[in-house]
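Hi,

Here is the structure I promised to pass on. Please have it open while you read, as my notes follow below.

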Amino acid sequence: METKSFFDQVYEVVARIPCGKLVSYGQIARMLGRPRAARQVGYAMRCCPEKLPWQRVVRSDGSIAGGGYMQLRRAMLEKEGIPFLADGRADIAACCWDGGCRAEARCSAAGEPGAEGEPPERQG
C-alpha cells in the first residue's frame with residue numbers, strides 16, 4: 001500500500017473546497033491531523049496544480065497571500081461571490097468551509113492571531 005505525501009493530502013482537501021467557500025492554511029492542517037503544519041500547507045500551495053481551486057485557501061484572518069497573484073485571487077474570489085471586508089480581507093466568517101470534519105477542524109469566525117505561519121508566496 002502506497003502512502004500519500006503530505007502535499008497530495010493537501011491537494012485532496014483543496015480539490016473538495018466548494019465554489020463560494022474559503023478555508024485557511026491552518027484549517028487544512030487540522031483537517032489532516034497536523035494542527036501545527038499550516039506553514040507546510042503553505043509550501044504545498046506554492047506548488048499547487050493549476051486545476052485545483054487554490055484561490056480558495058486564505059490566511060486565518062481572511063487576508064490573501066500570493067504576492068503577484070493577489071489581485072488575480074481577489075478577482076477570482078469576487079467572481080465566486082466571496083464578500084470582502086472594508087480592509088480588503090475576505091470575509092472568511094461568512095463563507096468558511098469546514099470540510100465536514102470533526103469540530104476542532106472547523107472554522108473560527110475571528111481566527112486566531114499567530115495560530116498560522118505566514119505561507120510562502122505562490123511561485124509563478
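A quick one to begin with: is Ala 29 buried or exposed? Ala 29 is buried, as its relative accessible area is 0% (buried means under 20% relative accessible area, exposed over 50% and partly exposed in between, with a 1.4 Å probe and protein chains only).

Before the rest, some ground rules. This is a predicted model, in which local features need pLDDT of at least 70 and side-chain atom pairs count only at pLDDT 80 or more, while totals for chains, interfaces and linings use all residues. Residues are numbered from 1 along each chain as its sequence is written, and side-chain values use heavy atoms, with hydrogens and water left out.

On confidence, the chain has a mean pLDDT of 83, and 78% of its residues reach 70 or more (pLDDT is the predictor's confidence in each residue, from 0 to 100). Please treat one stretch separately: over residues 102-124 the pLDDT is below 50, although this stretch has 52 contacts in the model beyond near neighbours in sequence (contact means heavy atoms within 4.5 Å).

Now the overall layout. The chain has five helices and two strands, in the order α-β-α-α-β-α-α along the sequence (these are DSSP runs numbered from the N terminus, with helices being H or I of at least four residues and strands E of at least two). Of the 124 residues in the chain, 44% are buried. Among contacts with a separation of 6 or more, 68% join residues 24 or more positions apart.

Back to Ala 29, which sits in helix α2. Beyond its neighbours within four places in sequence, Ala 29 touches Arg 34, Pro 35, Ala 37, Ala 38 and Val 41. From Ala 29 to Gly 42, 13 residues along the chain, the C-alpha atoms are 9.7 Å apart.

Helix α1 is worth a look too. Its buried residues are Phe 6, Val 10, Tyr 11, Val 13 and Val 14. They lie on the same side of α1 because they cover an arc of only 160 degrees around the axis (taken from the directions from the helix axis to the C-beta atoms). These residues pack against α2 (25-31), α3 (38-46) and β2 (57-58).

The largest nonpolar core has 22 residues, and the members touching the most others are Val 10, Val 14, Ile 28, Val 41, Met 45 and Val 57 (such a core is a set of buried Ala, Val, Leu, Ile, Met, Phe, Trp, Tyr and Cys residues joined through side-chain atoms within 4.5 Å). Two or more residues of this core come from each of α1, α2 and α3, and α1 gives the largest share, five residues. Apart from it lies another core, of 10 residues, including Val 58, Leu 77, Phe 84 and Cys 96.

In the loop between α1 (6-15) and β1 (23-24) you will find Pro 18. Pro 18 is partly exposed, at 33% relative accessible area. Leaving aside neighbours within four places in sequence, Pro 18 contacts Arg 56 and Trp 97; Arg 56 is 38 residues away in sequence, yet 8.7 Å away in space, C-alpha to C-alpha.

Finally, the cysteines. How many disulfides does a search of the whole structure find? The search finds zero (a disulfide is a pair of cysteine sulfur atoms within 2.5 Å). For Cys 47, the nearest cysteine sulfur is that of Cys 48, 9.0 Å away.

Best wishes
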